[in-house]
Amino acid sequence: MAMSAAALEMQDVPGPLLSVRNVGKRYGARIGCSDVSFDLWPGEVLGVVGESGSGKSTLLSCLSGQLRPDEGEVIFDTRDQGPRDTLLMSEPERRRLGRTDWAFVHQNPRDGLRLGVSAGGNVGERLMANGARHYGRIRATAQDWLTRVEIDPSRVDDRPRQFSGGMQQRLQIARNLVSGPRLAFMDEPTGGLDVSVQARLLDLLRGLVRDIGLSVVLVTHDLAVVRLLADRLMVMKDGRVIESGLTDQVLDDPQHAYTQLLVSSVLQV
Amino acid sequence: MSEYNFAYLDEDTKRMIRRAILKGIAVPGYQVPFASREMPMPYGWGTGGVQVTAATLVPEDVLKVIDQGADDTTNAVSIRKFFQRTAGIATTERTTEATVIQTRHRIPETPLNEDQILVYQVPIPEPMRFLEPRETETRRIHALADYGLMQVRLYEDIARHGEIATSYAYPVEVAGRYVMDPSPIPKFDNPKLDDCPAIQLFGAGREQRIYALPPYTRVRSLDFDDYPFSASKADHACAICGSATSYLDEVITDDAGGRMYVCSDTDYCARRAEGGA
C-alpha cells in the first residue's frame, strides 16, 4: 500500500475517486446492508466478498444508483464539478454519469446487453447516447473494442445471441468500457462461466484495468477471483463489513472467525 | 334512433380531447395520454384520428379524408360518411378547399396553409416500442431526452442493409427536444412535416395518446453524419399525370409482371390531369 500511495502522490491525485460513508439500506425490518464506508482510489480494485444474502449485491446497487439507500453518502469525484454526492444528483445527471464515467457489468450478460441488437450496436450505444453521429467512426470504434476484448471484429454485425457465454460477457465489458469510464461496478463478472473461460476473462480484465487505469468495485463470492484482481478486500456478512484490508493480508491471515471459515472453505485441488 | 351530438362524441369528451390537443401543441412531440373512447369502428381503422377530428370540427369546416393519399378507398370513404352523417358538415376531395384533413399514412402533395388542420391516424405512437418494450422506461427516456437507443435503431439498419432501410414511420426530432413517430407516412413525406404552416395533430386510439406539431415547427429526421437522411420514392413518373416529383404507388396490372406507377395522392393527380399536364 505504501508503494501505491506514493505512486498516487506522484500522479497528483487530490482525493479518492469514490467515497462511501455509512451507506445503509433496509428492506422493511430486514437489513440489506448497513453502515458501509470505504474510499476507492483511482486505479484501485476493491473486492467485496461474502456469501449469498450478505448484502454485497444490495451494496453494489446502492453505489451505482440503481437502488436508493436509506442513509449515507456516495461521493464521486466528477470530472467537471469535483466530488459530489451522487445520491443528491438529479436523475439526468446520474444517468449521464452512468453512460460516461461509470460502467456496470452484470453477472448475466443478458441483463447488460441488448440481445436483439448487433454486437456493434451494443458497443456503439453509449457512443451514440453521448452524441456520436458518424456511423463509420462508431463502427470502427466498436470493432477496435471487440478486438480488445478478444472477439473477432468480423463478428461486429452478429447478434449477441449467437455468441458463447464467455463472449457475451466480454462483449458486455466492451460495451461498458467504450466510453472510457473511470469507475466500474462488477457483479460476479465470472459467474456461470467454466474455469478456462473464467481464466481468460480474468486475464483480460486485469489487462484492461491496468491499461486504462480503471477503478473497480468487484462483487463476488469467488475468493480466487479477488485474489487475482483486487488490491483490497472487504468481507461482508449479514449486511455489515466485518473485515477489510489488503487482499493478500485478509486471505492469508484472516482475523474474523467468519473470514477464517470462508477462506478455509475453499476447495484445494 | 335519436339525433347524434355534433360530430358523434359528447361535449365533455370533446372537451377532454381538446385539452389533450392543447397540451400536445404546447409541448410539441410529447405524447399526451387521453381517455380514448369506444368508436363505432374497430381499432386500427383510425379511431384516434376520428376522435381528434371530432373534437376539432366546427359546423363551418370542410372535411377531406384520405387513406394512403386516396380519397376513394374504404377507410377514407367510411370516415367521410361518418362525419357527413354525424356532423352534417361539408366534405371535399380537394386539398385546397379543406379546412380539416384526416389522413392515414400520407401528407398531401399540395402544400398546406395556415387555415388547415392535418389529423393523422397513428397505430403506434411510441417510436421506441420495438427497442424497449417497457413503457415506464420509454417515458423516462423521453423525459430525460436520453435518445441513444433511437440512434441504435438506425445504426442497426445500416449494419444490416448498408443504408437506413426504414422507409416509413421514420423517427423525427421535434423542435430540438422530443423524438416522435410521424405515423406510418413514407419517409418521402418527412420533409413536409418541417416548418409546415398547418397544425398537425396525431391521434392513437388504441394506445390512447395524442401528440401535435404546432405550425412552423422544426422537425428533423434522425440520421448519421455519413449516412444523411434522404426522402426516397419510386424512380418513375406518374403514368396518369406525369408528375416526377410526387409519391407513387406501384400497381400490378396483370399476371405477366406488368405494372404501372401512379400518384398515391389522387386529388393531386386528378387536378394535374385536368389541368392538361
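The side chains of B:Asp146 and A:Arg99 meet in a salt bridge, with an N to O distance of 2.8 Å; a salt bridge is taken as a side-chain nitrogen of Lys or Arg within 4 Å of a carboxyl oxygen of Asp or Glu. The model is predicted, so local features require pLDDT of at least 70 and side-chain atom pairs count only at pLDDT 80 or more, whereas totals for chains, interfaces and linings use all residues. Residues are numbered from 1 along each chain as its sequence is written, chains are lettered from A and ligands numbered from 1 in the order in which they are written, and side-chain values use heavy atoms, with hydrogens and water left out.

Five salt bridges are found across the interface of chain B and chain A. Ten residue pairs across this interface, both partners at pLDDT 80 or more, are in polar contact (a pair of N or O atoms within 3.5 Å; within protein, one must be able to donate a hydrogen and the other to accept it, and residues adjacent in sequence count only if both atoms are side-chain atoms). On the side of chain B that touches chain A, the elements giving two or more residues are helix H4 (135-144) and helix H5 (148-161) of chain B; helices (H or I, at least four residues) and strands (E, at least two) are DSSP runs numbered from the N terminus. H5(B) gives the most to this side, with nine residues. The residues of this side of chain B comprise ten nonpolar, two polar and nine charged, where Ala, Val, Leu, Ile, Met, Phe, Trp, Tyr, Cys and Pro count as nonpolar, Asp, Glu, Lys and Arg as charged, and the others, Gly among them, as polar.

The contact (heavy atoms within 4.5 Å) involves 22 residues from chain A and 21 residues from chain B. The two chains bury about 1,900 Å² between them, 57% of it on carbon and sulfur atoms. Of the area that chain B buries against chain A, 29% is supplied by B:Leu144, B:Asp146 and B:Tyr155, more than by any other three residues. Buried area is the accessible area (1.4 Å probe) that two parts lose on being put together, summed over both.

In chain A, ten of the eleven residues of helix H5 (residues 119-129) are buried, that is, under 20% relative accessible area, with exposed meaning over 50% and partly exposed in between (1.4 Å probe, protein chains only). The buried residues of H5(A) pack against helix H3 (91-99), strand E6 (102-105), helix H6 (135-148) and helix H7 (165-177) of chain A, together with H5 of chain B. Just after H5(A), A:Gly131 takes a positive phi of about 105 degrees.

B:Asp181 lies in the loop between strand E7 (178-180) and helix H6 (190-193) of chain B. B:Asp181 is buried yet has no salt bridge, and the nearest side chain of opposite charge, B:Arg153, is 5.8 Å away; Lys and Arg count as positive and Asp and Glu as negative, while His and the chain ends are not counted. A polar atom of the B:Asp181 side chain lies 2.7 Å from the backbone nitrogen of B:Ser183.

B:Ala175, although not a glycine, has a positive phi of about 50 degrees. B:Ala175 counts as partly exposed because its relative accessibility is 40%.
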